[in-house]
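Welcome! Please take a look at the sequence and the 3D view below, and keep both at hand while you read.

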Amino acid sequence: MRATTSCCCCEALDGRIDRRRLLRSLGIAGLAASLPISARAAEGEYDAMLLSCIDPRMVAPVYKYMEGQGLSGKYSQFCIAGAAIAVVAPKFKAWRPAFWDNTATSLQLHRINKIIAIDHRDCGVARVAYGNDSIANPQVETRTHRAVLEEFREAVAKHHPQLAVVTGLMALDGSIEIFS
Ligand SMILES: [Zn+2]
């Protein structure tokens, strides 16, 4: 009796997984069909690479910003805890090679000409990297990220001088201050 029940559950579970797989494949097929051919190529001319934080609160606002810039489907993305902080803070030195290797790959595959780095307010990674005081109030927080993003722009200029760099600090509501 127990075995039969278990078997039924397995079948029900299998059914759910199959439906999920089906929906996923339909979603991907639908998305690909809606994009122009050039935007679907794995290699080719794309506009930019985005560097952003893994913070779940920032996923939608950052996407919306990129969409507002007319860049949907035209950029690659490197997501890492802290965004530019991960690339310049001594605390995360071991992570850096992954960013630079990824950038070189995106340059090769997508022939990007720009990096857009978006840090964000209330980033827990800033606390880990520079201490609680580094984002104690909005003014200090701005100063911290301004310094981080300046260091980031200098690092890009050193590694890939041909790349343009746009850097910004995004608030949780999606509003952004661009630093250059
Ligand atoms: Zn963050």
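E141 lies in helix α7. Here a helix is a DSSP run of H or I with at least four residues, a strand is a run of E with at least two, and both are numbered from the N terminus. The structure is a predicted model, in which local features need pLDDT of at least 70 and side-chain atom pairs count only at pLDDT 80 or more, while totals for chains, interfaces and linings use all residues. Residues are numbered from 1 along each chain as its sequence is written, and side-chain values use heavy atoms, with hydrogens and water left out.

Is E141 buried or exposed? With a relative accessible area of 7%, E141 is buried. Buried stands for under 20% relative accessible area, exposed for over 50%, and partly exposed for values in between, using a 1.4 Å probe and protein chains only. The side chain of E141 is joined to that of R121 by a polar contact of 3.0 Å. A polar contact is a pair of N or O atoms within 3.5 Å; within protein, one must be able to donate a hydrogen and the other to accept it, and residues adjacent in sequence count only if both atoms are side-chain atoms. If we set aside neighbours within four places in sequence, E141 is in contact with R121, D122, C123, S134 and I135, where contact means heavy atoms within 4.5 Å.

Helix α7 covers residues 138-159, which makes 22 residues. From first C-alpha to last, α7 reaches 31 Å, close to the 32 Å expected at 1.5 Å a residue; the expected span is 1.5 Å times one less than the number of residues. Which residue caps the N-terminal end of α7? That residue is N137, with a side-chain oxygen 3.0 Å from the backbone nitrogen of Q139. Several residues of α7 are buried, among them V140, T144, V148, F152 and A155. An α-helix has 3.6 residues a turn, so residues three or four places apart point the same way.

Which protein residues are donors of the zinc ion? They are C53 (SG), H120 (NE2) and C123 (SG), at 2.1 to 2.2 Å from the ion. Donors are N, O and S atoms within 2.8 Å of the metal (3.2 Å for Na, K and Ca), and water is not among the atoms, so sites may look incomplete. Along the chain, the donors follow the spacing C-x66-H-x2-C. C53 sits in the loop between β1 (48-52) and α3 (59-68), and C123 in the loop between β3 (114-120) and α6 (124-130), so this pair ties together parts that are 70 residues apart in sequence. C53 is buried at 7% relative accessible area, and C123 is buried at 1%.

Next come the aromatic rings. A pair of aromatic rings is described by the distance of the centres and the angle of the planes. Rings of Phe, Tyr and Trp (its six-membered ring) pair if their centres lie within 6.5 Å; planes under 30 degrees apart count as stacked, over 60 as edge-to-face and the rest as tilted. The count comes to four aromatic pairs. One of them, F92 with W95, is stacked, at 4.3 Å centre to centre and 20 degrees between the planes. Ring pairs also link F78, F99, W100 and F152 into a cluster.

W95 is found in the loop between α4 (84-88) and α5. Apart from neighbours within four places in sequence, W95 is in contact with I80, A81 and A86. F92, its stacked partner, is in contact with V128, a residue of helix α6.

Helix α5 (residues 96-110) holds S106. The side chain of S106 makes a polar contact of 2.7 Å with the side chain of S76.

Here are some of the accessibilities side by side.

| Residue | Relative accessibility | Class |
|---|---|---|
| S106 | 3% | buried |
| F92 | 9% | buried |
| W95 | 33% | partly exposed |
| V128 | 49% | partly exposed |

Finally, step back to the whole chain. How many helices and strands does the protein chain have? There are seven helices and five strands, and in sequence order they follow the pattern α-α-β-α-β-α-α-β-α-α-β-β. Of the 180 residues, 39% count as buried. Among contacts between residues at least 6 apart in sequence, 72% join residues at least 24 apart.
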